[in-house]
Amino acid sequence: MQKRYVYLFEEAKGLTRFELGGKGYGLVEMSAAGLPVPPGLVITTEACKEYYRNGGRTPEGLMEQVAEKLKQLEAKTGKRLGDPERPLLVSVRSGAPYSMPGMMDTILNVGMNDEVVKALARATGNERFAYDAYRRLLQMFGRIVLGIPGEMFESVLRRHKEREGVKHDHELSVGALKSIVEEFKAIIEEHSGKEFPQDPREQIRMAIEAVFRSWNNPRAVEYRRYYRISDELGTAVNIQTMVFGNMGFDSGTGVGFTRDPSTGEKRLYGEYLPNAQGEDVVAGIRTPLPIESVDPELRKKLMEVADLLERHFRDMQDFEFTVESGKLYLLQTRNGKRTAQAAVKIAVDMVREGLITVEEALVRVEPSELVHLLHRRLDPRAKVQPIARGLNASPGVATGKVVFTVEEAVRLSSRGERVILVRPETTPDDIKGIIAAQGVLTSRGGMTSHAAVVTRGMGKPAVVGCESIRIDLEAEQFVTEGGVVVRKGDVITIDGSTGNVMLGEVPTVEPEMTEELRTLLGWADEVRRLGVRANADTPEAARRAREFGAEGIGLCRTERMFNAPERLPIVREMIMATTEEERKRALEKLFPLQLADFKEIFRVMRGLPVTVRLLDLPLHEFLPPMESLLTEIYEARLRGVPEEQLAERKSVLAKVEQLREHNPMIGQRGCRLAVTYPEIYRMQVRAILRAAIEVLREEGETAEVQIMVPQTSMASELAYLRRLVEETAEGVFAEMGTRIPFKFGTMIETPRAALTAAEVAKHADFFSFGTNDLTQTTFAFSRDDAEAKFLAPYLEKGLLKENPFEVLDQEGVGRLVRIATEEGRASNPRLEVGICGEHGGEPKSIEFFHSAGLNYVSCSPFRIPIARLAAARAALKGKVAQAITV
């Protein structure tokens with residue numbers, strides 16, 4: 001039995017968005033709800049998948065099914081394809097299961113030909129409209145279906161507009177449009193070797209194949225890679241009866257949002273272009289009118305539609321509409337792209353409005369989006385004078401060098417430079433540049449243009465429709481109304497919250513959590529099982545972590561305290577010591593400094609656990625690099641400096657040579673350093689415990705101290721160091737006359753420690769997985785070398801699905817985590833288990849740590865909200881029947 005691929009809208013009710021695509025699903029649902037949707041049909045995503053399985057050939061029987069449904073569409077509308085009296089015109093549009101705005105292709109006015117254009121002109125009494133519709137089809141068909149460069153058509157339009165002295169396409173005369181049509185047909189014949197097909201059915205067949213091909217065009221592939229959307233989903237194809245917004249000034253086209261996609265405020269938001277077709281709005285070629293300025297009667301209808309859509313889909317909707325001769329039609333609806341701020345507010349407000357449950361709200365907000373809420377914002381005290389102002393399309397502040405091309409944006413960002421992409425308007429082909437840039441500035445386009453929609457979805461600041469700047473792409477500069485010239489490479493700051501553009505880098509301040517975010521995270525805390533702690537090495541970081549809801553510090557690195565500029569000479573004195581006594585004297589100088597560090601952190605974290613990792617770095621990292629010492633000595637000798645004056649630098653060089661290692665990552669560091677020089681760890685343990693006791697006496701409460709040894713591989717190492725720590729602790733307790741409880745544990749960073757966890761756990765109160773080093777040692781990858789040299793091709797060729805240093809490798813590293821957790825607890829039932837690598841703030845990894853039974857995750861302070869929400873979602877997984885995601 002032949003597979004069924006094609007459904008009329010009214011036949012497809014009950015199919016999922018994975019079968020119908022997001023656009024088709026929305027059209028089917030709106031049709032079923034009785035909303036004014038032009039009739040049409042959907043080709044399912046299965047047809048696209050089959051197209052690629054067939055090596056780029058349409059599935060058997062597909063076109064016959066399309067022909068049958070088109071006959072039914074003709075009967076329903078009373079129009080026929082190619083009929084010179086009542087011609088049927090359709091749009092052929094893509095529609096992936098997940099919204100990919102502008103990434104794939106749409107062809108409007110399909111069915112138009114040399115005869116139909118005349119019939120349409122007669123039927124409507126509007127010759128200008130008919131020829132405008134025809135030239136649009138020729139332009140889209142030539143560019144999308146036949147692959148002719150778009151500039152070929154744009155140059156013709158520009159020439160005719162210059163000849164007639166007009167600015168916009170809709171101002172062109174009928175005579176100009178007729179000439180343009182003939183020129184476009186000539187371009188098509190010249191570049192394709194064939195005349196433009198006059199048969200509407202052939203146009204539809206070719207358009208369907210073009211939409212299938214667009215699933216794998218470079219911009220769509222790049223977009224899916226950025227958002228981690230599967231390449232296997234395919235796109236549906238929607239064939240829908242055309243309605244026309246370009247029939248005159250009682251017609252138009254627009255995009256509406258049921259809530260403000262930037263702030264989440266419950267108000268109708270959007271834009272409208274009179275006498276235009278849908279692509280004109282999203283393309284940003286003309287700057288549209290705000291939806292508030294439309295006719296009051298139309299605005300009332302749109303508000304009614306917005307309310308119906310929200311109640312039906314139970315989410316904020318982004319809908320496209322056309323007005324044809326005063327009658328409203330809906331052409332699309334989908335869950336609207338929104339900023340992180342809006343996502344949180346909408347989720348919380350919809351719970352309060354009774355539209356969704358708390359659990360659905362937690363599932364609806366992507367944890368990774370929250371990072372955009374925690375960006376710095378402009379310092380309100382800074383005195384800055386904007387050089388230009390546009391539309392505040394996507395909030396946030398971005399600073400960078402001005403670039404005018406996608407290629408330059410990608411090139412500079414790959415070198416770690418921040419850039420602002422400046423374009424007259426962006427197109428879907430600019431996606432790589434948008435991804436590379438810190439923010440986007442355009443001189444044309446509105447709040448629903450491509451630049452606005454895509455940057456909002458990515459959480460990048462954007463200022464669009466900044467008509468007060470004149471962009472010269474050839475000279476690579478723009479000029480403001482005030483005469484300020486900004487050239488390629490100049491630094492500007494854009495504020496997507498106000499629309500302001502400023503010269504140079506503008507001061508910023510720390511972000512603050514909104515009331516809605518606190519509410520959402522409060523709900524998350526009630527649901528999650530995993531604890532969330534912070535990686536923090538300073539009192540400032542500890543304070544910020546508490547503000548963001550951290551339940552303690554899971555990693556306090558002590559080597560960062562050693563690296564402070566005023567301390568490095570003392571640390572180097574300790575390293576340069578030739579005897580244990582000299583080393584101890586240097587360590588005694590460090591002791592009061594470490595004591596003060598720990599007191600401040602324990603004071604901030606009173607009542608909460610603080611895990612202090614004893615010194616991990618190899619000692620040579622505190623000394624100058626060998627290359628710089630050799631250069632310094634060589635140049636001094638060239639200047640004639642006597643050898644006796646070089647004695648100190650030569651002794652440092654000798655020590656560097658002595659400590660130098662072939663592979664420092666697995667050399668003398670961590671617990672191995674302590675076995676060789678136990679006095680270092682003794683000093684640190686004394687400082688930690690004395691600080692905790694002093695804070696207890698001064699404040700009446702102190703932190704819950706946890707002392708952690710790094711780089712353990714053997715149970716015997718940990719047993720030895722536990723004795724050292726406990727002996728030192730007893731000395732501190734005797735000296736202070738006060739005893740406090742503390743825990744002793746180790747980082748699990750090596751495969752051997754994980755595989756022998758049952759033995760290691762006998763000497764530990766807790767484990768904390770250092771997944772950064774555990775990933776390096778499991779893969780035998782040096783992270784810096786891997787990311788610089790070969791990880792990119794591994795990802796591009798599909799050898800790795802994700803960077804294992806960003807998302808935990810569950811098959812390998814994850815298996816070691818499970819083994820160590822299960823076997824460690826079997827040996828020591830009271831064992832507490834956490835993770836303090838960077839994976840502790842990554843949502844997919846957090847879901848794994850939840851399933852593996854860990855007690856807590858620890859991450860940087862600014863990722864605490866992400867971890868709190870991700871831990872709640874992990875606990876909810878499988879409990880919410882249907883996760884509604886944007």
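This is a predicted model: local features need pLDDT of at least 70, side-chain atom pairs count only at pLDDT 80 or more; totals for chains, interfaces and linings use all residues.
**Stop one: Leu120**

Start by selecting residues 114–124, which form helix H4, and then pick out Leu120 within that helix. Is Leu120 buried or exposed? Its relative accessibility is 10%, and because buried means under 20%, Leu120 counts as buried. Leu120 and Ala133 are 13 residues apart along the chain, and their C-alpha atoms are separated by 9.6 Å.

**Stop two: Ser768**

Now move along to strand E29, residues 766–769, and select Ser768 there. Ser768 has a relative accessible area of 0%, so this residue is buried. Which residues does Ser768 touch, not counting those up to four places away in sequence? Among them are Gly554, Met708 and Tyr856, together with Thr746, Met747 and Ile748. Gly834, Ile835 and Cys836 are on the list as well. While you are here, select Val833 too: 65 residues separate Ser768 and Val833 along the chain, yet their C-alpha atoms are 5.8 Å apart.

**Stop three: helix H34**

Finish by selecting residues 864–876, the 13 residues of helix H34. From its first C-alpha to its last, H34 reaches 19 Å, close to the expected 18 Å. Why is H34 described as largely enclosed by the rest of the structure? Because 13 of its 13 residues are buried.

Conventions
Residues are numbered from 1 along each chain as its sequence is written. Side-chain values use heavy atoms; hydrogens and water are left out. Helices (H or I, at least four residues) and strands (E, at least two) are DSSP runs, numbered from the N terminus. Buried means under 20% relative accessible area, exposed over 50%, partly exposed in between (1.4 Å probe, protein chains only). Contact means heavy atoms within 4.5 Å. The expected span of a helix is 1.5 Å times one less than its number of residues.
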